[in-house]
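This report examines the annotated active site of the protein shown below. Please keep the sequence and the structure in view while reading.

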Amino acid sequence: MQYILSGGVYPPLPTFFDEQENLDIATLQLHMQNLQESGIAGYVLLGSNGESVHVTPEERSHLVRAAKEVTGDSEDSMPLIVGCGDQGTRTTIAHCQAAASCGANIALILPPFYFRSQMDSQALLAHYRAIAESSPIPILLYNMPANAANLDLSAELICTLAEHPNVVGLKESSGNVAKIAYIVSKTAPNFRVFAGSASFLLPSLAIGAFGTVAALANLFPHEVCLVQALFEAGQIEEARTLQARLIPANTAITTTYGVPGLKVALELLNGYGGRPRMPLQPINEHERGTLERILNATRLDAETDTQHV
């Protein structure tokens, strides 16, 4: 029987570090606990926002076990999705096996892109099929050209991979809503397609997506979840207004400032965040001030919107 991933909002968690760039497990667990009652459907660990490329295999296992302590292991526990993609097929499979042994429910697989010119459909199909056959947990395809040397998984390739019983869904971060619509129309209902950003959550829901894996849900989880709840309740105008209010903050922590900005935003809103691992650098004081103004405006606007729902 194929695993069916719950629809909804999945925050891609940051990996927190102390001043010496060592893992800060206590802050990770605190952040997860703060999100737990916000309406989210589960967590994504070690994705792009989790600085997965900066973490050792031993640290990966430590992080998954720590996250699993928060989610628990009962039948109604929130799913824990763990980024396992790597440049080699064998390494990716090893990451899937290690994540599964530590309690992960789903493996998120970004395509290999180091040998970009040779990653044609045949190579990618063989790569993903080998992973699907060997992974002890289901896999979620991850299409994010911006973080994969502009390698964009084609809709046809995704639909072919969706036929495998161990491939349960897609995080589509290209922003191509027409592509999402095509994939939804050509795949089985239990293949879950998720918008890869809160910036296009509402249009994605309108053409059949099941939710989002959105960095903004780390900062405004109630509001991102409310966009989907309003849509599902048929309150489209309210959903549209709230969606628009969230876009400036979403742009700031994804396109403009990235992971360093996300961590500063968490510090400004929640009192914790920390620094990224090198070679990423913290944002400067001017950028921090700009980000703070955007967050304050978003918070006030979102509070006004939710009061009228």
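Helices (H or I, at least four residues) and strands (E, at least two) are DSSP runs, numbered from the N terminus. Tyr 142 belongs to strand β5, residues 139–143, and Lys 171 to strand β6, residues 167–172.

The model is predicted: local features need pLDDT of at least 70, side-chain atom pairs count only at pLDDT 80 or more, and totals for chains, interfaces and linings use all residues. Residues are numbered from 1 along each chain as its sequence is written, and side-chain values use heavy atoms, leaving out hydrogens and water.

According to an unreviewed UniProt entry, the annotation "active site" covers Tyr 142 and Lys 171; such annotations may be inferred rather than shown by experiment, and their positions follow the numbering used here, with feature names shortened. These residues span 30 residues in sequence, yet no two of their C-alpha atoms are more than 4.8 Å apart, so they gather at one spot.

Both are classed as buried (under 20% relative accessible area; exposed is over 50%, partly exposed in between; 1.4 Å probe, protein chains only).

| Residue | Relative accessible area |
|---|---|
| Tyr 142 | 3% |
| Lys 171 | 5% |

Contact means heavy atoms within 4.5 Å. Not counting residues up to four places away in sequence, Tyr 142 touches residues including Ser 48, Tyr 128 and Lys 171.
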